[in-house]
Amino acid sequence: MAVSKHVLNLSEDLTCSVCQSVFVEPVRLDCEHNFCKSCIQQFWGKQRQAVSCPECQQVLPRRSFTSNKVLVNLCEKTRQLELKLEQDRSLCEEQGGNLREDTGREQSLCEEHGEKFMLFCEVDEILICAECVHSSPHSAHKFLPLPVAVEQYKDQLKLSLDSMENEKKDQSELKQQQEQEISDLEELTGSLEQDISAEFAKIHRYLEDKEKHLIKELRRQKEGDLQPMEENLRRIEEELGSLKEKISNLCADIEQQDSVAFLKELKRYRESYLDKEEDAEDAQRGEDVALLELPKGKYAEFQGPLLSPVWKGIKQITSPASPSKFSTTEHHKLVLSDQRSSVKITQTMLVSHNREVFSETLCSLGSQGFTSGKHYWELEVGDKADWELGVARESANRNAELTLGPEHDYWAVWLRNGNEYIAIESPSVPLTPSVNPRKIGVFLDYEGGQMTFYNADDMSVLHTFTDTFAENLVPYFRAPL
């Protein structure tokens with residue numbers, strides 16, 4: 001064993017780091033690392049300059065190496081030792097097989113009596129021979145013949161194996177279900193991300209369009225006001241230049257030293273500087289180039305709370321669709337407004353035999369129905385202490401005393417006694433809003449099989465129904481009693 005260990009250590013020291021085998025034609029690089037000649041040539045490939053060492057990564061200026069003759073002899077001796085050890089190991093394995101066979105025969109005999117094992121003690125769970133049966137340690141024990149014991153305990157293990165196989169099957173199914181749940185989650189959240197991006201994209205586009213429109217309008221008005229101002233400035237500059245020239249000429253004439261020459265030009269001076277008509281013309285020209293002021297309040301629409309009208313526009317984009325038109329399927333104590341957009345209670349008893357009219361409950365259905373898509377609307381409940389609302393199939397029963405619940409084609413929530421909020425399922429689900437809602441929002445995802453009720457004041461979720469929707473679904477509400 002010691003020799004084998006030394007040979008192994010020697011082989012590791014003589015191993016090429018490229019091919020992981022004992023060196024063949026070992027060569028040494030300038031960095032003192034050794035490799036097989038063919039390995040380093042293959043590693044460098046066709047590079048001629050600036051090659052590197054595979055082990056230390058040092059860049060070498062030349063593609064060169066020297067043969068390591070010392071390692072050549074050591075590698076050859078190491079290979080011979082490895083071959084001899086391999087032959088010795090094969091011989092030991094053959095001898096060891098015979099030894100294990102002899103040992104197996106010894107292990108099949110009782111250590112105490114030297115007899116062959118014949119029975120299995122069920123109490124101590126050990127093998128015993130015929131002599132052990134009468135010994136004191138096993139005097140009151142139960143025994144089984146070896147074949148019977150083997151069959152019995154293998155059967156027990158098979159039962160355990162069957163149980164484990166069933167558990168494995170259950171776990172595999174659970175794994176598949178969990179993987180499906182993860183896949184569904186990924187699909188759902190991916191779809192929701194797209195929906196979120198699409199909804200915010202509407203607002204982004206509106207804000208960008210509004211910003212561009214306001215800037216364009218501002219620049220248009222600016223150009224309209226700037227052009228006459230710049231034209232007026234040009235005329236003022238011309239008049240100013242002319243006036244500067246006259247002042248310069250007048251100063252030169254006043255400084256005239258020759259009295260005779262000055263008086264000879266006096267008439268011209270009067271015509272140029274003192275003539276009243278000329279002054280009147282100058283005054284007239286001065287009026288033409290008077291200051292052109294910006295009208296007050298001209299740009300008021302671009303000042304002040306700019307975001308206020310923008311916010312109103314956003315609210316129009318995000319405002320929920322409202323099922324404001326109600327059908328004729330009203331209770332006979334409910335009266336529609338002329339525009340069919342609201343309902344009120346009357347004590348007048350109107351006899352009706354229309355089978356589509358609610359007969360026992362003060363209820364109404366919206367006239368707008370949904371057979372696909374996603375929809376959201378809000379209904380104001382105010383401070384009423386008793387109401388119920390939701391969605392119903394258009395074919396839902398309306399004649400007998402109204403029974404709510406998905407199994408009766410009604411998905412609804414209600415308020416009773418001012419503080420008992422209930423989602424009508426089987427069994428019913430108590431709701432605990434943080435604040436009493438004055439407006440209820442209803443979201444319907446027809447294909448997605450989801451209906452969610454919100455406190456529209458803060459958009460907190462009250463309850464979500466999941467179901468498979470069919471037929472035309474219409475908004476439903478019950479008027480306060």
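Predicted model: local features only at pLDDT ≥ 70, side-chain atom pairs only at ≥ 80, totals over all residues.
Reader: What does the secondary structure of the protein come to, and what share of its residues count as buried?
Author: The secondary structure comes to eight helices and 20 strands. Of the 481 residues, 26% count as buried, a term that stands for a relative accessible area under 20%.

Reader: Why are α4 and α6 called roughly antiparallel to each other?
Author: The axes of helix α4 (residues 146-254) and helix α6 (residues 266-274) cross at roughly 150 degrees. Angles over 145 degrees count as roughly antiparallel, and α4 and α6 are therefore given that description. The two axes come within 12 Å, and α4 passes α6 in a left-handed crossing.

Reader: Which residues of α4 and α6 meet, and of what class are they?
Author: From α4 come K246, N249, L250 and D253, and these meet R268, Y269 and Y273 in α6. By class, this contact has three nonpolar, one polar and three charged residues; Leu and Tyr count as nonpolar, whereas Asp, Lys and Arg count as charged.

Reader: What makes β2 and β5 edge strands in the sheet?
Author: The sheet is an open one of three strands, in the order β2-β1-β5, with antiparallel pairing. Both β2 (34-36) and β5 (66-67) have a single partner strand, so one side of each is left without a neighbour in the sheet, and this places them at the edges.

Reader: Why is E115 called partly exposed?
Author: The relative accessible area of E115 is 41%. Buried would require a value under 20% and exposed a value over 50%, so a residue in between is partly exposed, and E115 is described in that way. E115 lies in the loop between α3 (69-107) and β6 (119-121).

Reader: Which residues does E115 contact, leaving aside its neighbours within four places in sequence?
Author: E115 is in contact with S108, L109, C110, C129 and E131. The C-alpha atoms of E115 and A130, 15 residues apart along the chain, are separated by 7.6 Å.

Note on methods:
Residues numbered from 1 in each chain as written. Heavy atoms only, no water. Axes fitted to C-alpha atoms, helices over the stretch in contact; angles between N-to-C directions. Helix = DSSP H or I, 4+ residues; strand = E, 2+ residues; numbered from the N terminus. Parallel < 35°, antiparallel > 145°, perpendicular 65-115°, else oblique. Left-handed = near helix turned anticlockwise from the far one by under 90°. Contact = heavy atoms within 4.5 Å. Pairing = 2+ DSSP bridges. Buried < 20%, exposed > 50% of the residue type's maximum accessible area, 1.4 Å probe, protein only.
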